[in-house]
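Please open the model in your viewer and keep the selection tool at hand. This tour takes one stop after another, saying what to select and what is found there.

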Amino acid sequence: MFFHPMDFLIIIAFVLSLWAQFRVKGTFNKWSDVPVHSGMTGYEAARRMLDANGLHDVPVEPVPGALTDHYDPIARAVRLSEPVYYEHSISAVSVACHEVGHAIQHKVHYPMLVMRHRMFPVVNLTSGVAPLLILAGLFFQQFNFLLGLGIIFFSAAVAFQLVTLPVEFNASNRARDLMVAEGFITNDEERGVAKVLNAAALTYVAAALISLLELIKYIMIFNNRSND
Ligand SMILES: [Zn+2]
């Protein structure tokens with residue numbers, strides 16, 4: 001477990017990921033201070049966007065915490081963090097509509113979301129075991145097959161993260177288009193919306209990049225050993 005050439009790239013990706021997380025908070029806070037002209041709260045925007053898409057039976061519920069916003073595909077509910085639920089800022093309306101974007105994806109069976117849901121039970125099982133297998137495989141050279149098995153399991157998690165990317169970008173694009181079309185935001189306000197949504201998307205990109213680079217590193221180690 002010495003320094004591997006790939007570690008250099010992984011460290012860069014890790015720094016990018018820290019910066020992305022730092023930036024998403026900063027961008028969210030900045031645009032939280034800017035009220036939308038329509039005066040809508042995150043809740044109102046989400047409710048109206050759901051109704052406009054025939055999703056009257058999907059509830060919008062407040063949840064505690066910051067940036068805890070999500071769409072629950074099992075309960076079929078949009079859950080918004082309290083600041084997003086109650087405030088009428090660019091940030092609140094953007095995040096609320098992004099989560100509705102996932103509810104719409106669910107309704108129209110957006111292929112990448114369907115794939116993500118199908119992968120989830122598998123990834124849930126494999127992602128817990130993968131690090132143990134990889135660690136054991138790295139530590140005990142004679143058990144290279146453990147590393148190989150760990151790589152297969154870890155690949156599922158990486159594939160899941162990669163499938164998440166189009167799902168996230170698509171939810172944001174749906175949100176932006178509908179927000180303008182429905183008059184939740186003006187054209188001038190779209191710039192702020194894009195900043196908030198892009199900052200959030202970057203955190204997913206950085207996380208996927210780290211995993212992908214780690215996977216490549218393990219494959220390289222596995223191949224080197226196999227060739228010895
Ligand atoms: Zn999302």
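**The largest pocket**

Begin by selecting helix 1 (5–32), strand 2 (70–72), helix 4 (90–107), helix 5 (111–139), helix 6 (144–181) and helix 7 (190–227), each of which supplies at least two residues of the lining of the largest pocket. Helices (H or I, at least four residues) and strands (E, at least two) are DSSP runs, numbered from the N terminus. A pocket here is an open set of points on a 1 Å grid over the protein atoms alone, where a 1.4 Å probe fits, with protein on both sides within 12 Å along at least five of seven lines, and lining residues have an atom within 4 Å of a point.

This is a predicted model, in which local features need pLDDT of at least 70 and side-chain atom pairs count only at pLDDT 80 or more, while totals for chains, interfaces and linings use all residues. Residues are numbered from 1 along each chain as its sequence is written, and side-chain values use heavy atoms, with hydrogens and water left out.

Now select Asp69, His70, Glu99, Glu168 and Tyr204, which lie nearest the centre of the largest pocket among its 26 lining residues. The space in this pocket is about 760 Å³, a volume being the space filled by probe spheres set on the points, which are joined across faces, edges and corners. Helix 7 gives the largest share of the lining, six residues.

Next, select the three strands, which form an open sheet in the order 1-3-2 with mixed pairing; two strands pair if DSSP finds at least two bridges between them. Strand 1 (60–63) and strand 2 are the edge strands, each pairing on one side only. Strand 2 and strand 3 (residues 77–81) pair in the antiparallel sense over three bridges, and Tyr71 has Val78 in strand 3 as its bridge partner.

**Where helix 1 meets helix 4**

Select Thr27, Phe28, Trp31 and Ser32 in helix 1, and then Ile90, Ser91 and Val95 in helix 4, which they meet in a contact (heavy atoms within 4.5 Å). How do helix 1 and helix 4 pack? Their angle is about 120° and their axes are 6 Å apart, where axes are lines fitted to C-alpha atoms over the stretch in contact and angles run from 0 to 180 degrees between N-to-C directions. Helix 1 and helix 4 are therefore oblique to each other, since angles under 35 degrees count as roughly parallel, over 145 as roughly antiparallel, 65 to 115 as roughly perpendicular and the rest as oblique.
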